[in-house]
Amino acid sequence: MRRILVLMLAATAVGGTLNVSGARAADKLRVVASIPDLKALTEAVGGTLVEVDSLARSTQNAHDLEARPSLMIKVRRADALILNGLDLDDWADVVAQGANNPKGDVHPAGNPHYTLDPGLAAQVTQNILEGLARIAPQNRAAFERNRQQFLARLEEAMGRWNKLLEPYKGAPVVVNHNMWLYFLTRFGLVQAGSIEERPGIPPTPSHLVKLVNHMKQERIKVIVVEPWGDLKTVQRVAQEAGAQAAVLASSVGALKGTDTYINWVDSNVKMLAQALR
Ligand SMILES: [Zn+2]
């Protein structure tokens with residue numbers, strides 16, 4: 001099993017031993033991704049040459065996962081493990097190598113939610129391609145073809161998304177968990193606060209009072225929340241501030257009709273545009 005770290009800046013495969021035997025090389029590569037977004041992007045590159053499973057489920061908060069035996073079995077059977085890095089999927093490292101998992105502010109190494117930015121998908125899929133091609137060099141050309149086709153579809157969709165969100169450039173948006181920053185910034189929106197006081201740390205009453213005042217003052221109309229977020233608190237804040245809560249798909253597959261990377265971004269862009277209207 002080989003570990004492939006997809007992290008944009010440090011695009012390298014790390015450690016691990018290869019267990020693709022000659023007999024298996026002609027079969028599909030068995031790949032495990034830590035989160036559904038990386039599963040979707042790996043499928044875009046690997047096409048029919050890979051079989052990809054995700055350790056985190058779509059509706060789960062990836063920060064909250066634990067290294068369960070069922071996950072360890074999945075990883076043990078895999079030819080490659082695709083990792084996000086930046087501490088988002090430390091538990092997947094635990095699964096792979098039995099290290100320890102610290103708790104607290106869940107973004108100690110910086111905001112790890114870069115898969116939400118479709119503008120970074122070219123880099124992420126390039127890193128996935130390099131990782132897969134190291135394991136199955138005979139398939140490099142096919143991986144490259146798949147990736148180019150995916151990027152062409154993505155570019156076309158990007159045009160539509162930019163158009164849809166164009167009228168809301170500069171609009172301030174509040175989020176529940178600080179995971180939408182890459183997505184909002186890509187489309188020219190401004191993250192103007194969060195329900196969580198710090199990433200992974202629930203809000204104090206005084207934080208919420210300040211947030212409501214800020215939202216009223218700045219006329220902030222939308223709070224973006226994940227399906228796993230504390231909807232009750234988010235809705236209460238939205239109501240007090242005269243805003244609305246928009247539940248967006250925090251990862252590929254988290255809501256109906258978001259089963260591929262492009263469908264997923266598409267759904268989030270449309271729902272956000274609707275909420276901002
Ligand atoms: Zn996070």
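This is a predicted model: local features need pLDDT of at least 70, side-chain atom pairs count only at pLDDT 80 or more; totals for chains, interfaces and linings use all residues.

Student: Is V174 buried or exposed?

Tutor: A residue counts as buried if 20 or more other C-beta atoms lie within 10 Å of its own. V174 has 27 other C-beta atoms within 10 Å, and therefore it is buried. For contrast, take M72, which is placed in helix 2, residues 69-77; with 15 other C-beta atoms within 10 Å, M72 is partly exposed. R219, in the loop between helix 7 and strand 8, counts as exposed because it has 11 C-beta neighbours inside 10 Å. R219 also has a positive phi of about 50°, although it is not a glycine.

Student: How should I read a sheet, and in what order do the strands of the open sheet of four strands stand?

Tutor: The general idea is that strands of a sheet pair through backbone hydrogen bonds, either parallel or antiparallel. Here the open sheet of four strands has the order 7-6-8-9, and its pairing is parallel. Strand 7 (190-194) and strand 9 stand at the edges with a single partner strand each, so one side of each has no neighbour in the sheet. On average, and with direction ignored, neighbouring strands of this sheet are turned by 35° against each other.

Student: Over how many bridges do strand 8 and strand 9 pair?

Tutor: Strand 8, residues 222-225, and strand 9 pair in the parallel sense over four bridges, and the bridge partner of V222 is Q244 in strand 9. Helix 9 packs on this sheet, where it touches strand 8 and strand 9, and the direction of helix 9 makes about 170° with that of strand 9.

Student: Which residues of helix 9 are buried, and why do they lie on the same side of the helix?

Tutor: An α-helix has 3.6 residues a turn, so residues three or four places apart point the same way. In helix 9, the buried residues are Y261, I262, W264, V265, N268, V269 and L272. They cover an arc of only 160° around the axis, which puts them on the same side of helix 9. These buried residues pack against several elements, including helix 1 (36-46), helix 5 (140-165) and strand 9 (244-247). As for its length, helix 9 runs over residues 261-276 and reaches 23 Å from its first C-alpha to its last, close to the 22 Å expected.

Student: How do I describe two helices that pack together, and at what angle do the axes of helix 1 and helix 5 cross?

Tutor: Two packed helices are described by the angle between their axes and the distance between the axes. In this model, the axes of helix 1 and helix 5 cross at roughly 120° and come within 6 Å. The contact is made by A44, V45 and G46 of helix 1 together with F143, N146, R147 and F150 of helix 5, and the residues of this contact divide into four nonpolar, two polar and one charged.

Student: Which residues of strand 4 form its covered face, and which form its uncovered one?

Tutor: In strand 4, residues 50-54, the covered face holds V50, V52 and S54, whereas E51 and D53 make up the uncovered face. Strand 4 pairs with strand 3 (residues 29-33) in the parallel sense over five bridges, and V31 stands opposite V52.

Technical notes. Residues are numbered from 1 along each chain as its sequence is written. The expected span of a helix is 1.5 Å times one less than its number of residues. A residue is buried if 20 or more other C-beta atoms lie within 10 Å of its own, exposed if 12 or fewer, and partly exposed in between; C-beta atoms are placed from the backbone. The arc is that of the directions from the helix axis to the C-beta atoms. Two residues are in contact if their C-beta atoms, placed from the backbone, lie within 7 Å. Two strands pair if DSSP finds at least two bridges between them. Axes are lines fitted to C-alpha atoms, for helices over the stretch in contact, and angles run from 0 to 180 degrees between N-to-C directions. Ala, Val, Leu, Ile, Met, Phe, Trp, Tyr, Cys and Pro count as nonpolar, Asp, Glu, Lys and Arg as charged, and the others, Gly among them, as polar.
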